Structure formats: C-alpha cells, structure tokens
Amino acid sequence: MLGVYIYILFIIIFCVILVSISFIDYYFQIQKWKNIEQINYGFGINRRTAFIDNLGYLRWKKDNKLCHREIAYNYIYKKNWQEYKMPFSKYEVHHKNKNKLDCKHENLEILDRENHRIRHGEIIFYNNRKFIRVARERRRYVRTKKAILIAGRWIPLSQIIFRHDWIYLADWCYKKKFEPK
Ligand SMILES: [Zn+2]
C-alpha cells in the first residue's frame with residue numbers, strides 16, 4: 001500500500017517540476033521579447049510579427065525574410081541609393097554593436113563582402129599587405145624556425161602575422177594554399 005502512495009507522490013512531484021519549468025520558460029520568453037520590442041521600438045518587431053531563427057536572427061513571420069535586411073534596405077539603401085554601386089542583394093548587413101537582435105537602422109551598416117570581413121577582423125592590412133585570418137593562435141602548432149603547420153600545410157613564418165590571439169596569413173599565400181583552383 002505504501003508503495004502506491006510513494007509512486008503517486010513521485011508522479012505529483014514530477015508534474016509540479018514540469019509545470020514550473022514551463023512557467024519559468026514562459027516568463028523568460030516574455031522578458032526576452034519585452035527587451036527585443038524595446039530595442040527595436042518603432043520598427044514593428046514583436047512576438048506576433050517576428051520570430052528568432054536558428055542562427056539567432058529576427059525574421060518576419062509574414063514572409064520569412066530577415067528583419068535587419070529589410071530595415072537596412074528601407075532606411076539606409078533606399079534613401080542613399082546613389083552611394084551604392086551594386087544591387088542591395090549583393091551587399092551584407094552588419095550589426096554595429098554585434099547584437100543580432102538589434103535591428104534599429106542606426107545599428108546597421110550596409111557593406112560589401114570584403115569590408116564586412118574587415119569589420120569583423122577577418123581581413124587586416126599590415127605594411128600595405130592584406131592578411132586573412134586563418135586560425136586561433138593559442139592552439140599548439142607543429143612548427144620549425146621558418147614554418148608552421150596549419151590545416152595540413154606548411155606555411156612560411158614570413159607570410160604570417162599574429163594579432164589579437166589569431167594567426168593571419170598573407171592574402172596571396174592564402175589564395176594559393178587554402179583555395180586551390
Ligand atoms: Zn557583421
């Protein structure tokens with residue numbers, strides 16, 4: 001008899017935990033969306049009109065399109081179209097404060113692929129030479145005095161610079177060794 005009571009008690013505890021978890025989750029969702037609506041105030045972004053995709057970007061429910069691209073197009077590109085040489089679809093849109101959920105036009109910047117990579121530190125210039133970010137510096141690499149082994153390729157140290165915990169490889173060398181054509 002006691003066993004049955006314990007069994008029922010466990011089921012009740014389990015249900016209570018399940019209900020609390022869903023309440024806590026609901027509460028955090030509400031808070032999250034309050035914050036998103038506040039950040040993007042005036043752009044019509046809310047829980048009924050938009051959702052967060054699995055890459056963490058806001059999309060419109062009506063047409064599945066990315067909110068930040070649409071806002072960048074309407075508030076920046078359309079108003080200054082003379083400044084842009086290419087059609088909007090060829091450009092990338094950058095979030096200045098790195099918050100993907102902040103789609104205010106002040107936070108957005110329309111850039112071509114190269115300039116976008118420069119903004120993100122994937123491309124840097126040193127002594128008028130272009131360098132491409134290839135790997136983390138803190139990893140242990142097989143190396144000699146003159147070369148280092150990265151991604152299965154020996155690269156001369158003369159073609160490499162170390163910056164902010166990253167290894168950058170000279171552009172021509174990158175093209176030759178990392179994108180064989
Ligand atoms: Zn960006």
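With 14 C-beta neighbours inside 10 Å, Lys-176 counts as partly exposed; on this scale, a residue is buried if 20 or more other C-beta atoms lie within 10 Å of its own, exposed if 12 or fewer, and partly exposed in between, with C-beta atoms placed from the backbone. Lys-176 sits in helix α4, residues 171-178. Helices (H or I, at least four residues) and strands (E, at least two) are taken as DSSP runs and numbered from the N terminus.

The model discussed here is predicted, so local features need pLDDT of at least 70 and side-chain atom pairs count only at pLDDT 80 or more, while totals for chains, interfaces and linings use all residues. Residues are numbered from 1 along each chain as its sequence is written.

The protein splits into domain 1 (1-39), domain 2 (50-117) and domain 3 (123-178), with bounds that come from an automatic or database domain assignment. Taken over C-alpha atoms, the centres of domain 1 and domain 2 are 37 Å apart.

Now for the sheets, where two strands pair if DSSP finds at least two bridges between them. Four bridges join β10 to β11 (residues 166-170) in the antiparallel sense, and Arg-163 has Trp-166 as its bridge partner in β11.

Another open sheet has three strands, in the order β7-β8-β9, and is also antiparallel. Its edge strands, β7 (142-143) and β9 (153-156), each pair on one side only. Strand β8 (residues 147-150) is linked to β9 by four antiparallel bridges. Ala-147 is bridged to Pro-156 of β9, and Ile-148 to Ile-155 of that strand. Together β8 and β9 make a hairpin with two residues between them, and Ala-151 in the turn has a positive phi of about 50°.

Most residues other than glycine have a negative phi. Lys-98, in the loop between β3 (92-95) and β4 (108-111), has a phi near 65°. Lys-98 counts as exposed because 9 other C-beta atoms lie within 10 Å. Asn-127, in the loop between β5 and β6 (129-136), has a phi near 50°, and is likewise exposed, with 6 other C-beta atoms within 10 Å.

What about the inside? A nonpolar core here means a set of buried Ala, Val, Leu, Ile, Met, Phe, Trp, Tyr and Cys residues joined through C-beta atoms within 7 Å. The largest has 14 residues, and Ile-45, Cys-67, Ile-71, Ala-72, Cys-103 and Leu-108 touch the most other members. Two or more residues come from each of α2 (67-77) and β4, with α2 giving the most, five residues. Leaving aside neighbours within four places in sequence, Cys-103 is in contact (C-beta atoms, placed from the backbone, within 7 Å) with residues including Phe-43, Leu-58 and His-68. A second, separate core has six residues, among them Phe-131, Ile-155, Ile-167 and Leu-169.

Methods
Contact = placed C-beta atoms within 7 Å.
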